[in-house]
Amino acid sequence: MRALRIGAVVLLLALTAAGLRAFAQWRFDAYLSGRAVQALAEDARGETPWRWKFTDSENLVAGRVFDAGNFAFTDGTLTVQSDGRAFEIGLPLPSPLDLRRFPQLDISATVDAPGSLRLVVAQVLDQPALYSAPIALVPQQTPYRANCPELAWQNKSAPAPMPSHGAMLRLRVELPAGAAFRLMQVSAVRVPIMKWADLSTMVDISHSVQTSTVGVATPSPILVSLDAATDLIPQPVLLLKPDSSIERQRAFLERARTLIPAAIIVPAPAAGAVEARAHALGSEANAMRSLRNVAWIALGAYWSALLLAWRWPPRDPRWRAALEAALVSIAPLWLIAGGFFTGRLDAAQIALIASVVAYVAFLGIPRDWRLNGSARAWLLGAGVAAIALAIGLCAHRWDEPLRAIGSGHVLRYFGWALIQQYLICAIVTSRWLRASASRFAAIYLGALTFALMHTPNASLMLATFAGGLCWCALFLRERALLPLAVSHAASALVLIALLPQDWLYSAEVSARFFQ
């Protein structure tokens, strides 16, 4: 009987691991489908995927203007006060800018004294930037149009050809001391002869994904040939079948964006639906506004559920515990697994997170855990970190350097690990134990919740499921959070430092996994 139980547990864990990978692939495809629908709809409306507005510091690279004496944001306008030096405004690029298909930059800006503006473009981040010829800035004139093919380009010392794409884009402005530069919007404009994207001409790149090597930066031959064949005419539409691991697909996706930044990548299982949704969205001017309302609708539904759970809780303690665990989990799972977390929270997402925090604080009284633990708790937590270290050493590519991790990163991650352990162990796992009266069920459900909060990073989901099983089990045994948080932070930082970058992708989740 004991052997049968062990076999059943092993089978369940194996099926769960397979299920997590399948779920990650589904969310991977869903995210690509959503991006493809948006890109095709923008294409049909003649809009651009590269547009920058300036409402706060989040709209700037590094959150500041480089070499500026003073700058401020007012009513959607960035105002920079010159101190006589040239200053640079970095424009964030979630994906490289395709300067062959979108070669003109429309810059809505005004100045109150004559000056000049240059475009600063780097095709690869670790290579020297190219500078355009200066564009005259004249008071009372706006917008300014920078047509890249018509501008002369140079590096620091010699003329250079126009860059085909940009991994970095800055505006370099020179004005007299005391003069102001006011920037409202920048947008990249497509070439006039460019045709609309055609889904009937999709190119299947799946074979190249299967035969490519993860972690190797060598351009794929099929991408090189596509880039040469689709120099200007429509945005290429690439078909991607889920016939390889998510890590391999993610690595290939990054290469495709680097070589053909304007490419629209469509997952094969959703190709038909993508085309239908794109046609519908392309004909609706307010479609994106209606999509933004989804977050507020979800927030209203969550508030209603919290109110009902507080006002009319289930009488059975087991059902109440299950409801509490579900309400704590569902909001972050919707935000992360739904692909809505980009690293920058909007008002609805902030309100949602605040609601979860308030509810968790309400559930945390009275406390059934302690902060510090026994020597045994610390030793068991150290054992989990030791296993992570062994895995990292075995998988590390010794011809590559370790990833540097600063002390600030360590401190921030420890705080984040403590928050996660409190949420998953002290709140969710404890309530699943009350609901199921089974330690194994509580540990399993707590670890599963933890793994799903790292969607769609498949490798990270498997790692957090394994770690979650250990930490949830240790919590139910020791009821101490600090040893678990230290173990969690140490394990994660060791794996991030040692594992190849293309395994965990800096432990990014949700929409950030694709950035």
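A polar contact is a pair of N or O atoms within 3.5 Å; within protein, one atom must be able to donate a hydrogen and the other to accept it, and residues adjacent in sequence count only if both atoms are side-chain atoms. The structure is a predicted model, in which local features need pLDDT of at least 70 and side-chain atom pairs count only at pLDDT 80 or more, while totals for chains, interfaces and linings use all residues. Residues are numbered from 1 along each chain as its sequence is written, and side-chain values use heavy atoms, with hydrogens and water left out.

Confidence is considered first. The protein chain has a mean pLDDT (the predictor's confidence in each residue, from 0 to 100) of 84, and 88% of its residues reach 70 or more. Helices (H or I, at least four residues) and strands (E, at least two) are DSSP runs, numbered from the N terminus. Among the elements of the chain, the highest mean pLDDT, 96, belongs to helix α11 (residues 439-452), and the lowest, 46, to helix α2 (residues 206-211). Over residues 206-218 the pLDDT stays under 50, and the model has 31 contacts (heavy atoms within 4.5 Å) beyond four places in sequence for this stretch. Residues 284-289 also have pLDDT below 50, with four contacts in the model beyond near neighbours in sequence. Where pLDDT is low, the predicted coordinates should not be read in detail.

Two buried residues come next. The terms rest on relative accessible area: buried means under 20%, exposed over 50%, and partly exposed in between (1.4 Å probe, protein chains only). N59 is found in the loop between β1 (51-53) and β2 (70-74). Its relative accessible area is 13%, so N59 is buried. A polar atom of the N59 side chain lies 3.5 Å from the backbone oxygen of K53. Not counting residues up to four places away in sequence, N59 touches K53, F54, G90, P92 and R344. T429, in helix α10 (residues 407-436), counts as buried because its relative accessibility is 0%. Apart from neighbours within four places in sequence, T429 contacts I424, A442, I443, G446, C472 and L476.

Charged side chains form another set of links. Side chains of opposite charge can pair when their charged atoms come close. The whole structure holds 13 salt bridges, each defined as a side-chain nitrogen of Lys or Arg within 4 Å of a carboxyl oxygen of Asp or Glu. One of them joins R101 and D98 at 2.6 Å, N to O, and both R101 and D98 are buried. E88, R170 and R172 are linked in a network of salt bridges.

R376 and E478 form a salt bridge whose closest N and O atoms are 2.7 Å apart. Because R376 lies in helix α9 and E478 in helix α12, this pair ties together parts that are 102 residues apart in sequence. R376 is partly exposed at 43% relative accessible area, whereas E478 is buried at 6%. R479 forms a salt bridge with D368, with 3.4 Å between the closest N and O atoms. Here R479 is in the loop between α12 (458-478) and α13 (482-498), and D368 is in the loop between α8 and α9 (375-395), 111 residues apart. R479 is partly exposed, at 21%, and D368 is partly exposed, at 32%.
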